[in-house]
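Subject: Structure for your review

Dear colleague,

Please find the structure below, together with its sequence.

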Amino acid sequence: MMHASHHIQSYCHVRNGSVLLNGKTIFESAASDWKTFSKTAYRQLDMDHSKFFKMDTLSKLAMIASEPLLRSEPEKNIALVLSNRASSLDTDRKHQKSIEDPEQFYPSPAVFVYTLPNICLGEISIKHRLFSENSFFVFDTFNADILYDYATGLLNGNSAEKVLCGWVDNDNEKYGAFLYVVAKNGIFTHSKKRINQLYQTP
């Protein structure tokens with residue numbers, strides 16, 4: 001049976017102090033550090049989610065990248081398929097530091113809860129009231145093939161109406177995100193070649 005082709009509805013980059021939606025800058029900061037950038041982006045994007053400031057860096061990055069894509073999205077059956085290289089290593093280090101000294105042993109529950117990379121999927125789902133399937137993959141590099149195949153399988157199997165896919169990676173103040181929504185209609189045909197092109201767009 002033939003399946004209808006799918007499209008990339010919209011996409012977002014977060015990198016080098018900027019947030020870009022469909023290739024156009026919607027927020028830019030001169031701040032070189034993540035903490036200042038993320039706080040300013042939160043306010044400028046009018047995210048209105050007080051829990052944001054309690055999140056780990058990975059979840060904040062995922063929230064900033066997904067906000068422009070989902071804030072006006074009426075569909076709630078949106079699957080989430082994200083990936084990165086560093087997993088939750090940034091938070092894992094903080095957790096390790098809190099328990100390595102037997103004299104100052106204090107594992108913080110607020111830190112420990114973020115020692116899995118897929119927690120950011122839950123944060124996105126809570127913010128945007130999504131009740132759909134989600135998966136998080138850890139790759140050495142950005143892997144358009146698996147993201148394409150997984151999203152296509154979900155859509156062809158009627159497991160979701162749309163899929164939010166992409167890459168959210170942070171490690172020691174280095175951060176970068178590329179997210180995109182796959183749907184029936186959109187600005188580009190959904191293909192592995194196009195995903196790679198958009199990911200590499202300067």
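In what follows, a residue is called buried if its relative accessible area is under 20%, exposed if over 50%, and partly exposed in between (1.4 Å probe, protein chains only). Helices (H or I, at least four residues) and strands (E, at least two) are DSSP runs, numbered from the N terminus. This is a predicted model, in which local features need pLDDT of at least 70 and side-chain atom pairs count only at pLDDT 80 or more, while totals for chains, interfaces and linings use all residues. Residues are numbered from 1 along each chain as its sequence is written, and side-chain values use heavy atoms, with hydrogens and water left out.

Helix α5

Helix α5 is mostly covered, with seven of its 10 residues buried. These are Cys120, Leu121, Glu123, Ile124, Ser125, Lys127 and His128. Among the elements that cover them are α2, β4 (78-84) and β5 (134-138), where contact means heavy atoms within 4.5 Å. Just after α5, Arg129 has a positive phi of about 55 degrees.

Salt bridges

A salt bridge is taken as a side-chain nitrogen of Lys or Arg within 4 Å of a carboxyl oxygen of Asp or Glu. By this rule the structure has six salt bridges.

One of them joins the side chains of Lys51 and Glu123, at 3.3 Å from N to O. Lys51 lies in the loop between α1 (34-44) and α2 (57-70) and Glu123 in helix α5 (residues 119-128), so this pair ties together parts that are 72 residues apart in sequence. Lys51 is partly exposed, at 34% relative accessibility, whereas Glu123 is buried, with a relative accessible area of 3%.

Another salt bridge is formed by Glu67 and Lys127, at 3.2 Å from N to O. This pair links distant parts of the chain, with Glu67 in helix α2 and Lys127 in helix α5, 60 residues apart. Glu67 is buried at a relative accessible area of 2%, and Lys127 is buried at 18%.

The side chains of Lys184 and Glu161 also meet in a salt bridge, at 3.8 Å from N to O. Here again distant parts of the chain are linked: Lys184 is in the loop between β7 (174-183) and β8 (188-189), and Glu161 is in the loop between α6 (144-156) and β6 (162-171), 23 residues apart. Lys184 counts as exposed, at 56% relative accessibility, and Glu161 as partly exposed, at 36%. Finally, salt bridges that share partners join Glu67, Arg71 and Lys127 into one network.

Strand β6 and its partners

Nine of the 10 residues of β6 are buried, so this strand is largely enclosed by the rest of the structure. Two strands are said to pair if DSSP finds at least two bridges between them. β4 and β6 pair in the parallel sense over six bridges, and Ser83 stands opposite Trp167 in β6. β6 and β7 run antiparallel and are joined by nine bridges; Val168 has Ala177 in β7 as its bridge partner. The two strands β6 and β7 form a hairpin with two residues between them, and Asn172 in the turn has a positive phi of about 55 degrees.

Helix α1

The buried residues of α1 include Trp34, Phe37, Ser38, Ala41 and Tyr42. Seen down the axis of α1, its buried residues fall within an arc of 130 degrees, so they line one face of the helix; the arc is that of the directions from the helix axis to the C-beta atoms. On the other side of α1, Lys35, Arg43 and Gln44 are exposed. The buried residues of α1 pack against β1 (7-15), β2 (18-21), β3 (24-28), α2 and β7. Just after α1, Asp46 takes a positive phi of about 55 degrees.

Cysteines

A search of the whole structure for disulfides (pairs of cysteine sulfur atoms within 2.5 Å) finds zero. Cys12 counts as buried, at 0% relative accessibility, and Cys165 is likewise buried at 0%.

With kind regards
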